[in-house]
Amino acid sequence: MARTKGYPEALEKKLRDQRYVREDSNPDFLKNVKSISRTIAHMCYQCGTCTGSCPSAPRSSYRIRNFMRRAVLGLENEALTDPDLWLCTTCYSCTDRCPRDIAPTDVIMSMRNLAFKRDIVPVNFLKTVQAIYSSGHGVPNNDVNRAAREKLGLTRDPPTTHMYPEYIKGIQTILNHYKLKANADRIVKEREG
Amino acid sequence: MAESGANHKFAFYLGCIAPNRYPGCESAAIKTCKKLGIELLPLKGASCCPAPGAFGSIDLNVWYAMAARNLVLAEQMKMDIALLCNGCYKSIWEVNHKLKHNKDLRDGVNEVLKEIDMEYKGSINVYHIAELLYNPKYVGPEKVRDSITNPLTGARIAVHYGCHLTKPHKEREFEDEVMLNTEHPVWMEELVAALGATPVEYRNKMQCCGAGGGVRGYDIVHSLDITNEKLINLKEVGVDALTDICPFCQLQFDRGQIEIQEKFGVSYNLPVLHYCELLGLAQGMSPQDLGLDLHGISCEPFLQKVL
């Protein structure tokens with residue numbers, strides 16, 4: 001093992017001096033990211049393999065490495081208010097290639113969860129919630145498709161909540177437990193009037 | 001050749017896009033699997049998986065609980081789940097795996113499920129149909145080859161693997177190690193070759209379709225630009241069709257080509273078929289039986305080549 005110069009306290013002080021902390025850093029941010037994402041976000045050494053693997057990077061200002069740094073530095077506001085947060089397609093290429101075995105994709109997901117707690121969320125995500133609340137499906141059936149299904153010898157509605165709507169109540173109970181429907185309705189109304 | 005009767009039975013988890021947009025995938029899966037000794041039974045009352053991008057982004061706890069409800073329905077049938085969509089695989093397989101291995105998550109989910117008189121036990125497994133078709137324990141490429149009556153000879157077919165079946169590979173547990181290769185896998189190409197077609201490699205094959213993570217709804221132009229890059233790479237090598245194992249990727253490539261034409265002014269007219277639809281054609285099902293007329297991009301040029 002490498003030997004450190006000086007005493008442990010001296011080393012600790014030296015490291016503390018080296019830590020880059022801004023006024024708007026929130027050390028809890030990294031803790032929250034780690035507990036929601038269940039990945040070792042603090043181990044990131046900024047190699048950039050994630051951004052190099054990212055299909056969204058070449059066509060936008062989204063840099064996943066930047067979000068990893070923000071997690072480590074606790075730059076919560078900067079991360080959660082950046083519209084690029086929502087450009088991750090969750091393809092997991094960065095996670096497959098990360099040399100530190102971190103899951104940057106899950107870090108992004110955890111940041112999105114934290115953003116939602118502040119009502120920061122694109123409306124299309126909430127519309128999916130509303131669709132599932134009413135029908136059980138994110139992409140529900142329609143009449144054109146019902147006719148097509150019949151021609152194929154399938155039931156007009158698939159044997160899901162569509163054919164058995166009595167199961168929808170259970171789904172609504174789950175979504176109400178987390179107050180997800182109420183929050184979705186409220187935010188959509190605020191945005192769209 | 002296949003023994004008569006079903007050797008394996010599964011609860012067939014449908015998801016949303018297959019039954020509600022590409023019902024041919026659903027009927028093709030049921031019929032082709034039956035010929036291969038796999039019976040797919042309806043999973044009554046199943047819902048959206050729920051969409052890992054949309055729900056996972058908002059609140060992972062809701063994602064766990066909603067997926068667990070679908071898992072419990074299959075547990076009550078005492079049957080393993082088979083499904084045909086990568087997005088559903090991420091929700092259903094991964095939540096099952098996480099709940100089996102993390103007591104804190106399992107307890108949290110069961111607290112909610114108690115309100116609807118359900119309990120997650122962790123008693124079943126989840127499989128993607130592509131995985132069953134490739135694994136000789138269930139089917140395997142040899143048996144697929146033996147089942148076909150109309151080989152797709154001369155057709156050049158490229159594969160889009162999609163993301164969520166195999167990635168992140170560090171968390172996946174496929175029996176066959178070749179399925180854990182996410183940089184340059186060729187197991188799907190083996191399945192394409194088993195249909196008599198010529199599998200074709202292309203640049204950046206493993207790139208995402210662009211639809212996932214809620215990006216299709218959030219920024220459609222950005223999302224389509226990723227799809228367009230894949231279509232450019234496919235055009236470069238010249239293929240008759242693209243095959244996928246995920247109806248959401250299929251939607252992005254098929255309906256997406258129409259949107260790309262509108263927004264970018266480029267057209268490719270590349271037929272996009274789920275592997276189950278291809279298998280159906282090779283097993284002698286007609287394009288009408290497969291609902292291929294419901295596709296946004298006409299499959300005609302490809303059909304003329306193989307029928």
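Two residues are taken to be in contact if their C-beta atoms, placed from the backbone, lie within 7 Å. On that basis, the contact between the two chains draws 53 residues from chain A and 56 residues from chain B. The model is a predicted one, where local features need pLDDT of at least 70 and side-chain atom pairs count only at pLDDT 80 or more, while totals for chains, interfaces and linings use all residues. Residues are numbered from 1 along each chain as its sequence is written, and chains are lettered from A, with ligands numbered from 1, in the order in which they are written.

On the chain A side of this contact, at least two residues each come from α6 (93–97), α7 (104–116), α8 (123–135), α9 (143–151) and α10 (168–177). The top contributor is α10(A), with six residues. Sorted by type, the side of chain A that touches chain B comes out as 29 nonpolar, 19 polar and five charged residues; here Ala, Val, Leu, Ile, Met, Phe, Trp, Tyr, Cys and Pro count as nonpolar, Asp, Glu, Lys and Arg as charged, and the others, Gly among them, as polar.

As for chain A itself, there are 11 helices and zero strands, with helices (H or I, at least four residues) and strands (E, at least two) read off as DSSP runs and numbered from the N terminus. Its radius of gyration is 22 Å, well over the 16 Å that the globule rule gives for 193 residues, so chain A is more spread out than a compact globule. That radius is taken over C-alpha atoms, and the rule is 2.2 Å times the number of residues to the power 0.38. Along the principal axes, the C-alpha atoms of chain A fill a box of roughly 80 × 35 × 30 Å. Of its 193 residues, 40% count as buried, meaning that 20 or more other C-beta atoms lie within 10 Å of a residue's own C-beta, again placed from the backbone. Among contacts in chain A with a separation of 6 or more, 66% are between residues 24 or more positions apart.

Chain B splits into domain 1 (8–128) and domain 2 (147–306), with bounds from an automatic or database domain assignment. The domain centres, taken over C-alpha atoms, are 23 Å apart. Their contact involves 24 residues from domain 1 and 26 residues from domain 2. On the domain 1 side, α1 (17–21), α2 (23–35), α3 (52–58) and α5 (86–101) of chain B each supply at least two residues. The largest share, eight residues, belongs to α2(B). By type, this domain 1 side holds 13 nonpolar, seven polar and four charged residues.

Conventions
Buried ≥ 20, exposed ≤ 12 C-beta atoms within 10 Å, placed from the backbone.
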